[in-house]
Amino acid sequence: MAKQILILSILSISSFLLVNCGDSSPVIESLDGYKITVKDFEAAYDTALDSISRLQNIEKKTLLEFIEKDIAEVPGQFQDLNYQLQKKNFYQTYRQMIMTKLVAEKKGYFSRPDVQEVLKQVEMQTIAQMYVSEQVEKKIQISDEQAKAECEKMRNSDKNIASLTIDKCLSFAKAQIKQVQTREQLPLVVERIKEEITIKRNDKFDLDAYLAPKRKAIEPNSSTPPVEQK
């Protein structure tokens with residue numbers, strides 16, 4: 001379900017940016033006058049693969065391998081992605097998203113202030129996640145020696161890995177190392193981003209008081225009811 005929401009979120013952002021001009025590729029079908037072309041769909045599909053690869057910390061090559069396999073052969077945590085990213089399933093989600101967008105446009109939904117605020121928030125969150133992921137990616141370095149050592153370690157501890165070809169084992173090993181390095185680099189990247197920003201606080205504004213909860217926190221397992229702050 002979480003993967004389903006992720007894919008819908010990625011598609012919702014890209015669908016708001018649809019232009020559909022200067023495209024001479026074959027038309028798949030028209031929805032209320034909007035033409036879905038091969039180029040249009042392929043671009044959306046590739047964008048989804050790139051975004052999910054970055055946000056879920058999965059190598060794009062590995063992601064594509066999982067999609068090409070029968071769902072029964074895919075590890076449980078990737079089965080939802082396998083199903084959703086099958087092109088026939090992705091297309092149905094994509095066309096439904098476009099139809100919903102077209103109807104929303106007709107009804108003036110995008111002009112509502114509350115919708116505009118949500119769109120700004122989602123756009124900011126998506127850009128922040130993708131930028132941080134890209135910066136982390138640049139810091140990751142995996143040598144052949146590291147991959148071989150990790151592969152050997154995994155072969156000794158997991159019989160399923162031991163039965164894989166050396167290339168597959170190295171691929172899994174690199175993915176494992178990448179996850180570890182990502183956890184190490186993430187806080188460093190976030191800290192570097194902060195260092196690039198000049199922060200000037202308003203000393204006349206009491207931020208602590210503004211952010212303070214209206215009710216006192218309750219200690220775990222405490223039966224005392226919360227007391228409102230005045």
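The questions and answers below go through a predicted model, from its confidence to its disulfide and its aromatic rings.

Me: Which element of the chain has the lowest mean pLDDT?
Reply: The chain averages a pLDDT of 84, and 83% of the residues score at least 70. Strand β1 (residues 27–31) has the highest mean among the elements, 96. Where pLDDT is low, the predicted coordinates should not be read in detail. The lowest mean, 53, belongs to helix α1 (residues 2–15).

Me: Which residue is joined to C151 by a disulfide?
Reply: A disulfide is a covalent bond between the sulfur atoms of two cysteines. The count for this model comes to one disulfide. Its sulfur atoms are 2.0 Å apart, and the partner of C151 is C169.

Me: How many residues apart in sequence are the parts that C151 and C169 tie together?
Reply: The link of C151 and C169 is right-handed, with 125° about the S-S bond. C151 lies in helix α7 (residues 144–157) and C169 in helix α9 (residues 166–195), so the parts tied together are apart in sequence by 18 residues.

Me: Are C151 and C169 buried or exposed?
Reply: Buried means under 20% relative accessible area, and exposed means over 50%. By that cut-off, C151 and C169 are both buried.

Me: What distance should helix α2 span?
Reply: Helix α2 covers residues 38–55, which makes 18 residues. The expected span is 1.5 Å times one less than the number of residues.

Me: Is the pair of F41 and F90 stacked or tilted?
Reply: A search of the whole structure finds seven aromatic pairs. In the pair of F41 and F90, the ring centres are 5.8 Å apart and the planes stand at 55°. Planes under 30 degrees apart count as stacked and over 60 as edge-to-face, so the pair of F41 and F90 is tilted.

Me: Which helix holds F90?
Reply: F90 has 0% relative accessibility and so counts as buried. F41, at 7%, counts as buried too. The pair links distant parts of the chain, 49 residues apart: F41 is in helix α2, and F90 is in helix α5 (residues 87–106).

Me: Is the pair of F90 and Y94 stacked or tilted?
Reply: F90 and Y94 are four residues apart in helix α5, a separation of about one helical turn. Their ring centres are 6.5 Å apart and their planes are at 10°, so the pair is stacked.

Me: Which residues form one aromatic cluster with F41?
Reply: Y94 counts as buried at 2% relative accessibility. Y45 is among the buried residues of α2. The residues in one cluster with F41 are Y45, F90, Y91 and Y94.

Key
Residues are numbered from 1 along each chain as its sequence is written. This is a predicted model: local features need pLDDT of at least 70, side-chain atom pairs count only at pLDDT 80 or more; totals for chains, interfaces and linings use all residues. Side-chain values use heavy atoms; hydrogens and water are left out. A disulfide is a pair of cysteine sulfur atoms within 2.5 Å. Helices (H or I, at least four residues) and strands (E, at least two) are DSSP runs, numbered from the N terminus. Buried means under 20% relative accessible area, exposed over 50%, partly exposed in between (1.4 Å probe, protein chains only). pLDDT is the predictor's confidence in each residue, from 0 to 100. Rings of Phe, Tyr and Trp (its six-membered ring) pair if their centres lie within 6.5 Å; planes under 30 degrees apart count as stacked, over 60 as edge-to-face and the rest as tilted.
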